[in-house]
Amino acid sequence: MRAINLKTNHLTAPLGMDAGPLFLSWQCVDGVRQTAYEIELTANGETVWHSGKVQSAAVHADAPTVGGSRVRGCWRVRLWDENDTPGAWSEAHFETGLAQSDWQGEWVDPETEEIDIPGDDAVNAFARPNWERKQAEKEAAGKGAAEPYKPHRPASYLRKTFTAAKGEARLYITAKGLYAVWLNGVRVGDMVLAPGSFTGNKHLAAQTYDVTQHLRDSENELLVALGDGWHRSTGGVDGDRDLFGDTLGVLFQLEVDGQAVCVSDGSMQATQCGPIRQNDMQQGEVYDARFEGNLTGWHGVRVYRDDLPITGMNTVPILEHEAFPGKLLQTPNGETVLDFGQNIAGYVEMALTARAGQKVKLTCGEALDENGNFTQENFQDRARHKEGGTAQMLELVCKEGKNHFKPHFTIMGFRYAKVETDADLTDAAFTAHAVYSDMAVTGKFTCGNDAVNQLVKNSIWSQKGNFCDIPTDCPTRERAGWTGDMGVFIETGLTLMDCYPVAEKWLAECRLNQYPDGRMANIAPPNARPGYMTPMLCMSAGWGDAAILVPYALYKRTGDRKILADNYEMMQRWYGFLLGRAQQTTDEQQGGDYAKFTVLNGMDYGEWCEPGITPMQAMMNPRKSVGTAYLAYSGRLLAEVADALGKADDAANYRGTAANAVKAYRTAFTENGIIKSDRQCEYVRAIAFALLGEDESKAAAATLNQMVIENGCHLNTGFLSTPFLCDVLAKYGYTDTAYKLLLQPDAPGWLYEVGKGATTVWETWTGIDENGKPHESLNHYSYGAICGWLFGGVCGIRYADGTLTIVPTPDKSLGWAKAAYDSPAGRIVSGWRYDGDAVTYEFEIPANLAADVTLPDGRKFTLAPGKHTVYTV
């Protein structure tokens with residue numbers, strides 16, 4: 001038996017990670033069952049740990065802390081099979097980055113003076129037209145005089161020459177803003193939008209690059225380009241700028257054989273006379289190719305010390321992935337528009353032959369309007385946005401001859417791009433590049449209904465479009481790391497893509513932004529300045545509970561207790577705050593024995609996005625059951641977490657609180673266990689969170705089923721409960737209704753958007769209405785959580801705690817279905833197919849895993865590794 005897919009802290013061969021305890025994991029092949037494993041761990045060639053032969057079927061192990069910086073680590077593992085025969089060794093490598101005390105360089109600020117940059121009159125300011133429109137409207141409405149326009153700035157370029165002998169070379173680098181770096185004219189690494197998204201005034205991460213092959217045994221030149229990035233670009237729907245500072249900076253250290261030969265310092269030179277004339281993460285990029293190849297205007301730099309914490313690279317890089325060629329079309333109003341065929345987050349690469357000074361301007365958007373013309377209005381809030389809206393614009397000012405432009409410092413959400421140019425596009429090529437964190441697709445679902453297949457593809461694309469270093473709600477107007485979105489999607493997200501490192505990184509931002517009293521910032525990292533309502537809404541139940549739901553899901557899927565330990569204090573503080581809200585319940589609000597476990601005060605987003613319910617109604621009484629429900633549900637999960645961490649007293653305390661919250665829920669929001677509501681969410685949540693007795697849940701499920709049927713097999717659930725709806729119905733025998741909900745072609749329903757040609761999941765059920773008019777974001781992953789039921793319900797794959805159960809729920813309406821999940825233990829396949837009334841099941845179980853299968857006819861059996869076919873009549 002062999003071990004494959006070895007990972008260190010959930011990463012493959014990480015370079016520049018932080019020192020610390022290790023979580024080592026692998027998969028098994030070439031055998032049936034692992035009976036033992038042995039691990040050897042070395043650091044810089046010295047053995048630091050040897051597990052010996054461990055009698056265990058576990059496919060992961062906790063290794064001791066590897067301390068120190070610049071450590072070249074290696075671990076190898078061998079496995080014993082069911083015959084107690086050892087297999088060959090398999091090995092994996094890792095390397096730690098610099099510790100905080102190792103940095104010898106200084107922070108370098110390249111913008112030391114105002115530079116008179118020639119040629120700027122030829123460049124359009126991409127935010128100015130929207131800003132001017134907003135100011136004119138403001139003056140016309142008598143709301144004050146125009147504010148001064150703050151133009152977006154060019155990228156800075158910094159250079160330093162140095163001599164060094166050949167050797168093993170590493171470049172350690174981070175930036176306030178975004179950086180791209182070249183050594184001797186060769187681009188270093190393939191990460192884009194580096195160093196990534198952070199709460200930039202509290203910490204950053206540095207990347208480590210192996211630059212051995214780029215180093216010359218003589219004079220070398222390091223060139224760095226710096227852009228605004230998340231640090232000071234416009235952000236969110238408010239269009240705030242300079243969230244983490246109004247100056248850029250770079251910090252780097254290049255070492256050969258462990259000795260620094262080039263560091264960021266005051267000897268560097270900088271210029272703002274490069275081809276990137278304007279750059280902004282949200283607004284876009286302006287590139288003047290006439291500035292290529294011969295940078296001028298070099299000047300000195302400012303250096304300073306900063307104790308800002310710098311961590312290692314503990315996640316996956318952001319990379320370019322799929323590429324889509326653009327097809328030119330003419331819209332009814334005569335505009336030239338590129339259609340890339342897929343709504344993505346990324347940017348457009350241009351290649352064309354032109355005359356010097358000719359321009360190509362692309363304005364990127366998600367949709368065509370009801371008349372077939374280009375629009376951006378579905379994702380704009382021009383009145384709120386400080387620059388009058390999200391431009392999503394790329395402009396190329398051409399040089400003579402062949403031109404090539406691919407953005408460095410922006411990303412946008414789009415399928416279409418309006419083209420404005422005075423250049424000949426006959427031989428021009430436009431390519432859209434999808435940009436997202438380096439996550440493998442791990443879930444594949446196909447069935448006899450093409451619309452459902454497209455829904456799954458759309459869900460994966462919305463995850464790709466929104467998992468760019470952190471999970472965001474949309475890649476256009478907000479780009480916000482909402483807690484609520486991640487809380488409802490994490491289970492599905494872990495199935496569709498290998499997103500553990502992205503979720504883990506985001507949790508670190510959540511910890512940094514938690515309020516002292518335990519409230520959770522709804523968005524982490526922040527992408528706007530807080531408003532009056534912000535701190536009040538940060539007490540929202542369901543949203544804040546992502547602090548518990550997300551680490552818990554990561555642990556259950558992988559067995560890594562480190563994720564629990566890292567986030568335990570955050571979980572406790574949030575849960576303590578939620579319990580504190582309940583403790584403030586007054587006699588006027590609720591009496592009885594369990595009043596102090598009923599959450600009735602404060603502000604919540606509530607169910608949110610319920611069809612027919614306004615946001616204000618969602619947050620008002622009597623719709624206050626959400627907080628108490630999560631006090632019960634999250635309390636039970638937190639008790640499990642405490643048990644896993646060996647904190648028995650904590651576990652007992654949380655279990656007791658959760659039990660009291662269940663009683664409080666029953667007392668305050670039911671009539672002796674009977675729910676009285678016209679909203680499906682009240683029934684779904686009570687059943688899914690086990691807030692009722694079993695007989696009461698059966699009765700509630702029957703009522704829920706009838707409500708769905710009477711609603712024309714449409715849902716009216718909102719944000720928090722929709723992911724559980726079909727699963728709850730199917731669990732209690734209403735599989736037919738669950739499938740009718742899944743296959744509902746009208747809004748609100750998942751397949752309405754597919755019928756409208758969607759290639760991603762929408763923010764609302766009617767993102768494009770019956771008249772063809774687009775509304776709101778058309779790339780929002782949250783409602784893609786239904787895919788969790790396709791894998792876990794339709795095909796029945798349920799993998800947690802290292803064990804596998806398969807409980808399929810077939811239905812003739814699909815004809816057949818097949819799901820494949822590349823789990824931490826290996827590929828799991830479950831499928832079924834109807835032939836008349838007979839059903840044929842096919843299963844594939846990876847090595848070292850057994851599957852407990854339950855079929856709808858009540859049969860139960862256990863499957864060993866391998867492929868299996870089961871027939872029923």
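Buried means under 20% relative accessible area, exposed means over 50%, and partly exposed lies in between (1.4 Å probe, protein chains only). This is a predicted model, where local features need pLDDT of at least 70, side-chain atom pairs count only at pLDDT 80 or more, and totals for chains, interfaces and linings use all residues. Residues are numbered from 1 along each chain as its sequence is written, and side-chain values use heavy atoms, with hydrogens and water left out. By these criteria, both D604 and R581 are buried. The structure holds 53 salt bridges.

**Terms**

- A salt bridge is a side-chain nitrogen of Lys or Arg within 4 Å of a carboxyl oxygen of Asp or Glu.
- Helices (H or I, at least four residues) and strands (E, at least two) are DSSP runs, numbered from the N terminus.

**Salt bridge D604–R581**

- D604 pairs with R581, and their closest N and O atoms are 2.7 Å apart.
- R581 belongs to helix 8 (562–583), while D604 sits in the loop between helix 8 and helix 9 (615–618), so the pair ties together parts that are 23 residues apart in sequence.

**Salt bridge R153–D242**

- A salt bridge joins the side chains of R153 and D242 at 3.9 Å, N to O.
- R153 lies in the loop between helix 1 (128–140) and strand 11 (156–163), and D242 in the loop between helix 2 (229–232) and strand 18 (249–256), so the pair ties together parts that are 89 residues apart in sequence.
- R153 is partly exposed at 22% relative accessibility, whereas D242 is buried at 14% relative accessible area.

**Salt bridge K406–E320**

- K406 and E320 form a salt bridge, with the closest N and O atoms 3.0 Å apart.
- E320 is in strand 25 (residues 318–325) and K406 in the loop between strand 32 (401–405) and strand 33 (412–421), so this pair ties together parts that are 86 residues apart in sequence.
- K406 is partly exposed at 28% relative accessibility, and E320 is partly exposed at 25%.

**Salt-bridge network**

- A network of salt bridges links R72, E95, E168, R170 and D210.

**Helix 10**

- Helix 10 covers residues 625–644, which is 20 residues.
- From first C-alpha to last, helix 10 reaches 29 Å, close to the expected 28 Å.
- The expected span is 1.5 Å times one less than the number of residues in the helix.
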